[in-house]
Number of protein chains: 2
Amino acid sequence: MSPNVPPSIEQRTIAVIVDNEPGVLARVIGLFSGRGYNIESLTVTEVDPTMRLSRITIVTSGTPMVLEQIKAQLDRLVPVHGVSDLTQEGPHVDRELALVKVAGAGEKRVESLRIADVFRARVVDSSHEHFTFEISGNSSKLNAFIELMHPLGLIDVSRTGVVAIARGPKGLRRL
Amino acid sequence: MSPNVPPSIEQRTIAVIVDNEPGVLARVIGLFSGRGYNIESLTVTEVDPTMRLSRITIVTSGTPMVLEQIKAQLDRLVPVHGVSDLTQEGPHVDRELALVKVAGAGEKRVESLRIADVFRARVVDSSHEHFTFEISGNSSKLNAFIELMHPLGLIDVSRTGVVAIARGPKGLRRL
């Protein structure tokens with residue numbers, strides 16, 4: 001490749017099944033941060049308590065070559081039981097959840113409820129001074145909702161980041 | 001404290017606002033894994049694209065003394081803009097989202113839809129051989145749903161881990 005042509009940057013959603021043990025997450029993240037790669041979102045929690053396995057979902061962007069290197073290294077880590085590049089392997093469903101706290105009195109209060117209704121967000125906490133909404137969907141839907149809530153008095157946002165699962169009946173590839 | 005009395009172990013949900021830069025997540029996680037503390041769940045994603053800030057939500061268990069040490073060290077990390085111990089600071093709302101893929105034919109297929117209806121889970125993908133459900137709620141609700149799906153032919157689970165936000169109109173404490 002000519003040095004004048006910058007390699008294309010791609011966004012990928014990668015799922016990794018690991019033993020739920022201290023230090024495993026740090027090692028997985030180290031493969032990305034060691035290359036200066038930013039993790040755009042990461043979620044990790046135990047999915048199978050009987051087997052003590054956790055699933056890490058990472059959204060990151062980089063050149064295809066480096067992303068393939070990272071995946072190959074993940075494959076070789078001892079506590080890793082499976083790696084899946086959901087972006088590469090075909091269609092998948094991705095979802096995120098957010099809790100969004102909004103202030104506002106009078107007309108603004110009514111407007112925030114109206115928007116929540118359109119986005120199918122649900123009120124999970126409220127007082128005379130605020131609402132907290134729960135909303136789920138893909139990232140762009142959540143971005144749009146949060147952007148609309150900004151001028152109405154956005155107080156606080158807590159987002160999960162992306163989880164994803166392949167379409168169709170197949171499970172995640174295990175090593 | 002007498003060496004014969006083991007210190008009590010507490011579970012905490014901690015939210016941290018950080019600069020969205022490579023390496024920050026690794027440093028935050030290092031404070032936990034360096035002490036052999038397991039991270040039960042972690043979510044991180046950008047909450048405010050205009051300010052390039054990410055919010056990390058960590059669920060961990062440990063002795064109150066060590067947890068206070070970790071929080072004090074988080075406070076001193078340069079890319080950290082705010083730390084909140086949601087468990088300590090009063091009532092909060094916590095939520096999680098899961099994508100759950102289930103196989104099953106005939107009666108099992110009907111049964112999985114019946115349970116999904118009770119748990120208000122929604123079908124986000126399906127074929128003649130499977131359903132993928134989206135479900136949100138607190139962790140124990142999700143655990144119960146996944147457990148019920150096991151005998152019906154659980155294929156794959158992807159969970160976000162916990163996000164949390166304080167009840168009432170206040171936002172997260174900023175440094």
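Which residues of the largest nonpolar core touch the most other members? Select Leu42(A) and Leu42(B): of the 44 residues in that core, these two do. (A nonpolar core is a set of buried Ala, Val, Leu, Ile, Met, Phe, Trp, Tyr and Cys residues joined through side-chain atoms within 4.5 Å; buried means under 20% relative accessible area with a 1.4 Å probe, protein chains only.)

A quick note before moving on: this is a predicted model, where local features need pLDDT of at least 70, side-chain atom pairs count only at pLDDT 80 or more, and totals for chains, interfaces and linings use all residues. Residues are numbered from 1 along each chain as its sequence is written, chains are lettered from A and ligands numbered from 1 in the order in which they are written, and side-chain values use heavy atoms, with hydrogens and water left out.

Stay on Leu42(B) and show its contacts (heavy atoms within 4.5 Å). Not counting residues up to four places away in sequence, Leu42(B) touches, among others, Leu25(A), Leu42(A), Thr43(A) and Val44(A), plus Leu25(B) and Ile29(B).

Finish by colouring chain A by secondary structure: you'll get four helices and nine strands (DSSP runs: H or I, at least four residues; E, at least two). Of its 175 residues, 51% count as buried.

Conventions
Buried < 20%, exposed > 50% of the residue type's maximum accessible area, 1.4 Å probe, protein only.
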